[in-house]
Amino acid sequence: MRNKFLIALFAFFGLAVANANAQQKIGYISLDYILAQMPEAKQVETELTTTKTQYDNMYQSKVKDFQTKLADYEKNGATMADVIKADKEKELQALQSQIEEFRQNSSTSLQKKQAQLLQPLLKKIEDNMHATAKENGFAFVFNYDAGQGTTPIVLHAPEDANISDLILKRMGVTPKPLAPAAATPATTTPATAAPKKN
């Protein structure tokens, strides 16, 4: 008899806990949407664009130097002494390696700079998200954005579960509807591939 009572008691508490969990509010945010509306994000984008332009200019300068030296080699190679010809070929190969190394290093540097500049913004969003969730009784908050080119984490949810605008208002930003193409500042690498020696 006592065992039946304990089983019934555990079942009752189990149902009560399950029912309480079923009542918890679940929300989501769009990190890209919030970032795109923060004034600080515009400053980050400007700084990244400036840095990328500097890298692109340096890259193009290196490519131009390579192409000039390659054109000279192709024009005068037949009349060069073997030692000079071998030295020019070695120089062209070294320049080509330097160009590829610069392209890779500048891309990595730009990504690191983006992460460094965005870190305080992401922390600000996170802190405000926690405060907003607590104030509005959300037990769980998911990020709608899974990352560029990936499937969103939240596939379907009611619009009132989206607390992105609440977070923006908490940060003093008036939410504005965005065009679909708006997103976080993106890094890109120089479009031109490393030159190839003929």
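Predicted model: local features only at pLDDT ≥ 70, side-chain atom pairs only at ≥ 80, totals over all residues.
**Helix packing, ring pairs and salt bridges**

Biologist: Which residue forms a salt bridge with Asp 127?

Modeller: The partner is Lys 123, and the closest N and O atoms of the two are 2.9 Å apart. A salt bridge is a side-chain nitrogen of Lys or Arg within 4 Å of a carboxyl oxygen of Asp or Glu. Both Lys 123 and Asp 127 lie in helix 4, four residues apart, which is about one turn of the helix. Helices (H or I, at least four residues) and strands (E, at least two) are DSSP runs, numbered from the N terminus. Lys 123 is also partly exposed, with a relative accessible area of 41%.

Biologist: And how many salt bridges are found in the whole structure?

Modeller: The search finds eight salt bridges. One of them joins the side chains of Glu 40 and Lys 124, at 2.7 Å from N to O. This pair links distant parts of the chain, since Glu 40 is in helix 3 and Lys 124 is in helix 4, 84 residues apart. Glu 40 is partly exposed, with a relative accessible area of 24%, and Lys 124, at 30% relative accessibility, counts as partly exposed.

Biologist: OK, and what does Lys 69 form a salt bridge with?

Modeller: Lys 69 pairs with Glu 91, the closest N and O atoms being 2.9 Å apart. That pair also links distant parts of the chain, with Lys 69 in helix 3 and Glu 91 in helix 4, 22 residues apart. Lys 69 counts as partly exposed at 31% relative accessibility, and Glu 91 counts as partly exposed at 28%.

Biologist: Helix 3 keeps coming up; how far apart are its end C-alpha atoms?

Modeller: The end C-alpha atoms of helix 3 (residues 39-76) are 56 Å apart, which agrees with the 56 Å that its 38 residues should span at 1.5 Å a residue. The expected span is 1.5 Å times one less than the number of residues.

Biologist: What covers the buried residues of helix 3?

Modeller: The cover includes helix 2 (31-37) and helix 4 (82-135). The buried residues of helix 3 include Val 44, Leu 48, Asp 56, Phe 66 and Tyr 73.

Biologist: Switching to rings, how many aromatic pairs are there?

Modeller: The count comes to two aromatic pairs, where rings of Phe, Tyr and Trp (its six-membered ring) pair if their centres lie within 6.5 Å, and planes under 30 degrees apart count as stacked, over 60 as edge-to-face and the rest as tilted. The rings of Tyr 28 and Tyr 144 have centres 6.0 Å apart and planes at 40 degrees, so this pair is tilted. Tyr 28 lies in strand 1 (residues 25-29) and Tyr 144 in the loop between strand 2 and helix 5 (164-170), so the pair ties together parts that are 116 residues apart in sequence. Tyr 28 counts as buried at 8% relative accessibility, whereas Tyr 144 counts as partly exposed at 34%. The rings of Tyr 55 and Phe 102 have centres 6.2 Å apart and planes at 85 degrees, so that pair is edge-to-face. It links Tyr 55 in helix 3 to Phe 102 in helix 4, 47 residues apart.

Biologist: Last one, which residues does Val 154 touch?

Modeller: Not counting residues up to four places away in sequence, Val 154 touches Tyr 28, Phe 142, Asn 143 and Tyr 144, where contact means heavy atoms within 4.5 Å. Val 154 is found in the loop between strand 2 and helix 5, and Val 154 is buried, with a relative accessible area of 12%. Val 154 and Gly 27 are 127 residues apart in sequence, yet 9.8 Å apart in space, C-alpha to C-alpha.

Definitions and conventions:
Residues numbered from 1 in each chain as written. Heavy atoms only, no water. Buried < 20%, exposed > 50% of the residue type's maximum accessible area, 1.4 Å probe, protein only.
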